[in-house]
Amino acid sequence: MMDETEFWELVDASREAAGGDPEEQADLLVERLLRLDPDSVLDFARHFESRYNRAYRWDLWGAAWLLLDGASDDAFDFFRCWLIGQGREVFEGALHGDPDSLADLLDDFDGEIDGDGEELGYAADEAYEELTGTVAPDLGIPPAPAEPEGTPVSFENEGALAERYPRLWQRFKE
């Protein structure tokens, strides 16, 4: 049974080895997951998916909107994968603190490569298929909510965004 600490250790080790490149991180994560047994890979997938679902929040979408200069549904999905890939401190800081704290938690943010962790979202599935030759089964965790949690954010209202995310606004917009 993989615990939360082991989950984050895999995430951190792959990010550090990839030098922060999310696609490279996904490849390295698959390599590391292939060293585990299929049940451990599914445990990893459950940890990943539950955090991905927890991050389905309006306030986080607003932060992604500022960081990415706009964020469609798909872009926000890939942003949530990328956010998990940033490790426990950044992920928990953004969720438990305030998404505006990403302005302080992210050392660098390169809009060309950062913010899109689509490949990270497939790493466990890829490893599981390679290990077993079959598609990963249902993970048996509650599905994501139909709507993001919290109060909707008006992405088009720059004044409201500047007020809601003063540090992100200052760092990425001004």
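Mentor: Helices (H or I, at least four residues) and strands (E, at least two) are DSSP runs, numbered from the N terminus. This is a predicted model, where local features need pLDDT of at least 70 and side-chain atom pairs count only at pLDDT 80 or more, while totals for chains, interfaces and linings use all residues. Residues are numbered from 1 along each chain as its sequence is written, and side-chain values use heavy atoms, leaving out hydrogens and water.

Trainee: Where is leucine 67 found, and is leucine 67 buried or exposed?

Mentor: Buried means under 20% relative accessible area, exposed over 50%, and partly exposed in between (1.4 Å probe, protein chains only). Leucine 67 lies in helix 4 and is buried, with a relative accessible area of 6%.

Trainee: Which residues does leucine 67 touch, not counting those up to four places away in sequence?

Mentor: Contact means heavy atoms within 4.5 Å. By that rule leucine 67 touches Phe79, Leu102, Leu106, Phe109, Leu168 and Phe172.

Trainee: Which residues have the most contacts inside the largest nonpolar core?

Mentor: A nonpolar core is a set of buried Ala, Val, Leu, Ile, Met, Phe, Trp, Tyr and Cys residues joined through side-chain atoms within 4.5 Å. Here the largest has 53 residues, and Leu33, Phe44, Leu60, Phe79, Leu83 and Leu102 have the most contacts inside it. Helix 4 gives the largest share of this core, eight residues.

Trainee: What packs against the buried residues of helix 6?

Mentor: Helix 1, helix 3, helix 4, helix 5 and helix 7 do. Among those buried residues are Val90 and Ala94, and leucine 102 is in contact with both Val90 and Ala94.
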